[in-house]
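Welcome, and please open your viewer. We will go from one selection to the next.

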Amino acid sequence: MKERPLWQALKKYEQENIKGFHMPGHGQGRAFAKWPLDSALDMTEVPGLDDLHSPEGAILDAEVRAAGAFGAEKTFFLVQGATVGLQALCLANLREGDEVIVPRHCHRSIYGGLVLSGARPSYLSSILEKETGLPIATDLTALQSLPISQYGDIKALLALRPTYWGTAEDLHSWRECSQALQKPLWVDEAHGSAYAFSSLLPTSALKLGAQAVVHGSHKSLPALTQAAMLHLGQALQGQEEEHSRQGIMLRNALTILQTTSPSYLLMTSLDLARASMEEEGELLWQKTVERASFLRRELNQIKGIYCWSEEIKAYSTVSEWDQTRLLVVLRNPYVTGYQLRQLLREKGAIEAELAGPNYLLFLLSPFDHPEADGHLIETFKQVDFSLEGTGKEDGQVLAELFQQGHREAIEVRCTPREAFYGPRRIVPFKEALHKIAGQFICPYPPGIPLIAPGEVITPALLEVVHALERAGAKWQGAIDGKMEKIAILDL
């Protein structure tokens with residue numbers, strides 16, 4: 001029999017009975033028990049099933065119902081993740097040389113939109129959590145202090161809310177600037193799809209006045225991977241006609257960017273997720289928040305670890321916090337997050353969402369395995385945090401290096417589009433110092449670039465990359481999967 005490596009790997013994961021605290025949000029299919037999604041529903045654009053690129057029947061009806069549920073004026077179904085929604089916003093609204101205000105800790109997907117449009121990012125620096133070095137909000141000092149006249153070329157503002165780890169920043173300053181400029185506020189709310197359906201989760205960006213919001217629906221709702229939504233909110237005062245035009249341009253952009261053979265399983269999962277949340281979302285997320293509180297109490301009794309809690313809101317501009325994101329900080333000097341993730345998998349078949357130098361992130365879903373929480377606690381108790389590690393980097397040292405790299409001033413030599421099309425060559429990583437990056441240097445997850453194409457490679461960032469590589473970080477875009485070589489630009 002011929003080998004089927006991917007299918008076999010998936011079946012092996014399933015048979016190991018892994019308790020997965022990770023995406024997608026359907027709990028390894030448990031959310032679809034009542035409304036099964038099987039291969040018989042994998043259809044095409046036959047009569048009666050509508051057309052995503054020109055919807056006028058069932059798909060349009062589903063999008064309209066989604067808009068009503070999320071509080072949007074118009075909603076577009078996406079079958080290529082939140083990524084394609086962000087890129088469509090850029091392609092539809094930005095042109096060569098336009099500027100867009102973005103936080104430096106934005107997801108790498110926005111860079112694709114900047115390459116497509118030719119727009120130039122105007123970066124805002126990040127506020128870093130002191131113990132992990134994680135970017136938890138945008139430093140809005142520049143946005144609040146510079147005269148509006150200096151933003152004359154700005155065409156849009158893009159906020160990231162929430163972060164991967166659940167911190168949600170105040171949008172007040174973003175809205176003020178947006179209104180003063182009469183330019184739209186877009187929000188990457190990829191990890192906040194559930195916010196419209198629970199009073200215990202952060203307020204949704206649409207409710208806070210954003211003109212466009214992108215959801216990675218599969219991340220937290222019971223939807224299949226890649227299923228996502230793009231929502232248009234209310235227009236800025238006096239911009240109603242332009243806002244209406246934007247809807248037409250977005251549909252055109254999505255027609256170019258999205259496949260002409262969209263998956264009906266993905267689209268159907270979006271429809272099911274919306275209905276499920278409208279019917280019982282408040283109760284489902286209440287129970288999930290209660291689970292999160294229980295897990296924090298129990299895990300905080302284990303010496304050597306600590307879970308983020310309400311105190312994270314003490315940081316400037318962090319106004320709300322998603323409690324269903326369980327961020328576990330390691331205070332043991334000998335164990336890194338990468339090592340602990342492996343230990344949890346080996347000892348208790350527990351799989352985290354992501355690992356970092358001195359932290360692990362666990363995502364809670366209303367559809368998790370009923371025994372998962374107890375299993376997580378017991379597995380943590382089995383780990384001897386007093387043992388020395390394997391000689392790899394100390395987690396706290398790594399976190400400090402990470403912070404140092406993020407605090408360095410970013411030197412941008414060219415736009416993402418210029419970097420994408422620029423001449424490049426491959427060199428050993430040690431020879432890349434002070435050169436211009438021709439590729440992402442991006443730990444994945446979370447997908448926040450340490451270095452983006454067109455930026456200068458500094459000594460501090462070089463040191464961070466080497467340390468993370470030794471510790472076991474995973475990369476996207478790495479040549480041969482390792483950071484031994486890198487593409488640099490010859491400009």
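Here is the tour, starting with how to read the model.

This is a predicted model, in which local features need pLDDT of at least 70, side-chain atom pairs count only at pLDDT 80 or more, and totals for chains, interfaces and linings use all residues. Residues are numbered from 1 along each chain as its sequence is written, and side-chain values use heavy atoms, with hydrogens and water left out.

**Stop 1: the sheet.** Select the strands (DSSP runs of E, at least two residues, numbered from the N terminus, as are helices, which are runs of H or I of at least four). Seven of them make an open, mixed sheet, ordered β2-β11-β10-β9-β7-β3-β4. At its edges, β2 (74–78) and β4 (120–124) each pair on one side only; pairing takes at least two DSSP bridges between two strands.

Stop 2: Now show β2 with β11 (residues 228–232), an antiparallel pair with five bridges. Threonine 75 has histidine 231 of β11 as its bridge partner.

Stop 3: Contact here means heavy atoms within 4.5 Å.

**Stop 4: two helices.** Finally, select α2 (residues 58–70) and α9 (residues 264–299). Which residues of α2 meet α9? They are Ile59, Ala62, Arg65, Ala66, Ala69 and Phe70, and in α9 they meet Tyr264, Met267, Asp271, Arg274 and Glu278.

Technical notes. Axes fitted to C-alpha atoms, helices over the stretch in contact; angles between N-to-C directions.
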